[in-house]
Amino acid sequence: MSLGNIFDIAGSGMTAQSLRLNTTASNIANAETVSSSVEETYRARKPVFAAIQQSVLDSQGSGLGGFGQQAVGAGVRVEAIVESQAELQMRYEPDHPAANEDGYVFYPNVNVVEEMADMMSSSRSFQMNVDVMNTAKSMMQRILTLGQQ
Amino acid sequence: MAITFDNALGIHQHALEARTKRAEVLANNLANADTPGFKARDIDFQAMMRRAQGEMSGLSMAQTHAAHMDTSSPGAQGQLLYRLPHQPSIDGNTVDTQAEQARFMRNAMEFQASFQFLNSKFSGLTKAITGQ
């Protein structure tokens, strides 16, 4: 029954979105984490999404021609989490305990506004996947009542 | 005339199956709403239904030779077609979330309708068997 696949697809979407939310939380939490060198400074993290292609094709096909010849997608996966290579913010704060010998501290390249927008986008997408799963559930529950009076 | 489930249930069993498949494709579109470069896909339900109807009535074009061309449209075999995006996006993604969600909901409602038809076919059969 391919209704079961919808649970996997929506589940993969929810996993990916919650991971994206996780990186956003980490970025916002570390938005003001300063350090005294470029290497040690926190960099904004971003997940890279990629579509999963179903590897096993159902060769039988359905009564309506089926999908035997091609792969139906099977959801989304997080391929990698990359660190942003944008320029770090260098600020002259000689009184800061983390200042280097020239009096500079390095702030992360986290754009808080962008992160907030990302957060809203991922929470909406998460909700959408939950809706899809709920609909699939009610479809499945109806199928189970087939033939009952 | 032989009585088979195929004859008794009509097209509704195929419709239900096609609806399930379409729900899967649309769910996949929605799950990949944020995937760069993902192209939204869909199936041509009408073409599939027409083909199924033609097959059931036995009026479809027969292919008796290898060189005969398939006269049906590519969507009729249940192939996944690509959606034409209304507006381009920078990351190459063609999923229009709201439109996809509306289609998914509509598909779920039509699934319920097909289910209702199938269910009443079964209750009709049950009535006939019990003779009440």
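Analyst: Chain B contains four helices and two strands, where helices (H or I, at least four residues) and strands (E, at least two) are DSSP runs numbered from the N terminus. Along the sequence, these elements of chain B are arranged as α-α-β-α-β-α. This is a predicted model, in which local features need pLDDT of at least 70 and side-chain atom pairs count only at pLDDT 80 or more, while totals for chains, interfaces and linings use all residues. Residues are numbered from 1 along each chain as its sequence is written, and chains are lettered from A and ligands numbered from 1 in the order in which they are written.

User: Why is Arg103(B) called buried?

Analyst: A residue is buried if 20 or more other C-beta atoms, placed from the backbone, lie within 10 Å of its own, exposed if 12 or fewer, and partly exposed in between. Arg103(B) has 20 such neighbours inside 10 Å and therefore counts as buried. Arg103(B) belongs to helix 4 of chain B. Of the 132 residues in chain B, 33% are buried.

User: How do you know that the length of helix 1 of chain A agrees with its number of residues?

Analyst: The expected span is 1.5 Å times one less than the number of residues. The 27 residues of helix 1 of chain A should therefore span 39 Å, and the end C-alpha atoms are 39 Å apart, which agrees. Among the buried residues of this helix are Ile6(A), Ala10(A) and Arg20(A).

User: What makes a set of residues the largest nonpolar core, and which members touch the most others?

Analyst: A nonpolar core is a set of buried Ala, Val, Leu, Ile, Met, Phe, Trp, Tyr and Cys residues joined through C-beta atoms within 7 Å. The largest one has 33 residues, and those touching the most other members include Ile6(A), Ala10(A), Ala27(B) and Phe104(B). Helix 2 of chain B supplies the largest share of this core, nine residues.

User: Which residues are in contact with Ala10(A), leaving aside its neighbours within four places in sequence?

Analyst: Two residues are in contact if their C-beta atoms, placed from the backbone, lie within 7 Å. On that basis, the partners of Ala10(A) beyond those neighbours include Val132(A), Ala136(A), Ala27(B) and Ala31(B). Between the chains, 34 residues of chain A are in contact with 36 residues of chain B. Helix 2 of chain A gives the largest share of chain A's side, eight residues.
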